[in-house]
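Please keep the sequence and the structure in view while reading.

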Amino acid sequence: MFKKIAFLIVLASLVLTACAPAAPAATEAPAAKVWTYKDMTIGFLQTGSEGGWRAANTASFKESATQLGLNLKFYDSQNDLAKQVAGFQQFIADPEVDVIAISPLEAAGWEQVLKDAKAAGKPVILSDRRIDGNEDLYVTFVGADFVEEGRKAGTEMCKLLEGSEKKNVWELVGNVGSSPAIDRGKGFRETAEKCGIVVTNSQTGNWSIVEGKQVTEAWLKESQDVQGIFGQNDEMAFGAIEALKEAGLVPAVDVKIISVDATAGAFQAMLDGTLNVTVECNPLIAPQVYEAALAALNGESLPKWIPSIEGIFYSDDPNLKEIAAGRKY
Ligand code: GYE
């Protein structure tokens with residue numbers, strides 16, 4: 001009897017199982033989209049067009065976008081911070097834009113728009129210049145160590161003024177509030193003051209030849225007691241060179257001159273003997289920015305800083321002509 005019931009129970013359970021509707025299969029999360037450059041639309045906010053370095057940087061973005069086949073929305077902020085913030089908000093609201101890259105005109109004031117971009121699920125890459133504030137609000141910074149560039153310039157100015165009785169140096173500064181202007185000044189003083197250099201004049205020339213010349217002319221009217229000029233970029237140093245010549249001084253001889261950027265113009269000035277040293281700041285960083293953007297869209301973790309590769313170049317380098325001929329910018 002007992003055996004029969006047990007058999008019936010087993011039979012019944014088999015029948016029930018067979019008849020019971022199949023348990024719904026576990027819903028697999030759809031495979032994460034694997035982004036490629038061809039799917040990617042990047043909104044890039046450029047500072048404007050303030051000189052040779054910027055022109056090379058813009059070309060790097062446009063040319064490598066074409067080479068990679070990605071969709072670039074290029075926004076020229078015309079060196080106007082309000083326009084740059086408006087452009088940023090535009091890219092946040094633009095459904096086509098997947099990721100945003102920016103070369104911030106100034107370091108301060110980005111907290112809110114970065115929070116808005118995060119809320120909109122749009123990764124942000126900093127290109128060339130840093131911002132102040134919470135690193136969690138952006139994916140990574142691709143660019144140079146501006147403090148180190150300043151240190152290099154200070155060290156080179158010490159070498160050029162070695163044995164000089166006086167070491168008064170004038171500094172032509174980039175646009176006020178920008179990370180390269182702040183950091184290059186900080187780095188320069190860190191090393192220059194070690195050899196007794198005194199920065200006796202410091203003023204913005206807004207990265208331009210014209211303003212670099214005007215500022216230097218004004219200083220020369222007051223005094224010609226200067227042994228060195230530190231141009232935070234090539235263009236401002238070119239302006240100082242013109243002003244010195246017009247004041248009857250011999251640039252790179254009577255007054256030692258160091259610039260930052262190492263654009264083609266700086267090599268020409270060194271070959272002409274009017275510039276002593278240029279500290280490189282590499283503008284060809286767009287491929288690294290695009291690589292970081294794609295990695296961010298694919299959820300890969302990235303270091304907070306992706307450094308660019310840079311050197312220092314000297315007017316007394318016996319191979320200067322060949323080096324200059326091989327330069328890309
Ligand atoms: O040195 C200068 C340009 O942000 C590093 O901006 C860049 C600087 C560069 O105007 O020439």
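## A loop residue and its backbone partner

Asparagine 282 is located in the loop between β10 (277-280) and α10 (286-297). Helices (H or I, at least four residues) and strands (E, at least two) are DSSP runs, numbered from the N terminus. The model is a predicted one, in which local features need pLDDT of at least 70 and side-chain atom pairs count only at pLDDT 80 or more, while totals for chains, interfaces and linings use all residues. Residues are numbered from 1 along each chain as its sequence is written, and side-chain values use heavy atoms, with hydrogens and water left out.

Is asparagine 282 buried or exposed? Asparagine 282 is buried, because its relative accessible area is 16%; buried means under 20% relative accessible area, exposed over 50%, and partly exposed in between (1.4 Å probe, protein chains only). A polar atom of the asparagine 282 side chain lies 2.7 Å from the backbone nitrogen of leucine 284. A polar contact is a pair of N or O atoms within 3.5 Å; within protein, one must be able to donate a hydrogen and the other to accept it, and residues adjacent in sequence count only if both atoms are side-chain atoms.

## The ligand and its surroundings

Where does the ligand sit? The ligand sits in the largest cavity. A cavity is a set of points, on a 1 Å grid over the protein atoms alone, where a 1.4 Å probe fits but cannot get out. A molecule sits in a cavity if more than half of its atoms lie within 2 Å of its grid points. Two elements, α2 (52-68) and α6 (179-192), are those that give two or more residues to the shell around the ligand.

The ligand is surrounded by Glu50, Trp53, Arg54, Asp128, Arg129, Phe146, Pro180, Arg184, Trp207, Asn233, Asp261 and Cys281, where a residue is near a molecule if one of its heavy atoms lies within 4 Å of it. This shell divides into 5 nonpolar, 1 polar and 6 charged residues. Ala, Val, Leu, Ile, Met, Phe, Trp, Tyr, Cys and Pro count as nonpolar, Asp, Glu, Lys and Arg as charged, and the others, Gly among them, as polar.

| Residue | Distance from a side-chain N or O atom to a ligand oxygen |
|---|---|
| Aspartate 128 | 2.7 Å |
| Arginine 129 | 2.7 Å |
| Aspartate 261 | 2.6 Å |

The protein covers 99% of the 300 Å² of accessible area that the ligand has on its own. Accessible areas come from the Shrake-Rupley method with a 1.4 Å probe.

## Positive phi angles

Tryptophan 207, one of the residues around the ligand, has a phi near 65°, a positive value in a residue other than glycine. Most residues other than glycine have a negative phi. Tryptophan 207 lies in the loop between β7 (198-204) and α7 (209-222), and it counts as buried because its relative accessibility is 5%.

Alanine 262 also has a positive phi, of about 65°, although it is not a glycine. Its place is the loop between β9 (256-261) and α9 (264-272). Alanine 262 is buried, since its relative accessible area is 0%.

Alanine 117, found in helix α4 (residues 111-119), is buried, with a relative accessible area of 0%.

Valine 142 belongs to strand β5 (residues 140-143) and is buried at a relative accessible area of 0%. Between valine 142 and alanine 286 there are 8.8 Å, C-alpha to C-alpha, with a separation of 144 residues in sequence.

Alanine 59, in helix α2, counts as partly exposed because its relative accessibility is 27%. The C-alpha atoms of alanine 59 and alanine 286 are separated by 8.9 Å, and these residues are 227 residues apart along the chain.

Notes. On a 1 Å grid over the protein atoms alone, a cavity is a set of points where a 1.4 Å probe fits but cannot get out, and a pocket is an open set with protein on both sides within 12 Å along at least five of seven lines; lining residues have an atom within 4 Å of a point.
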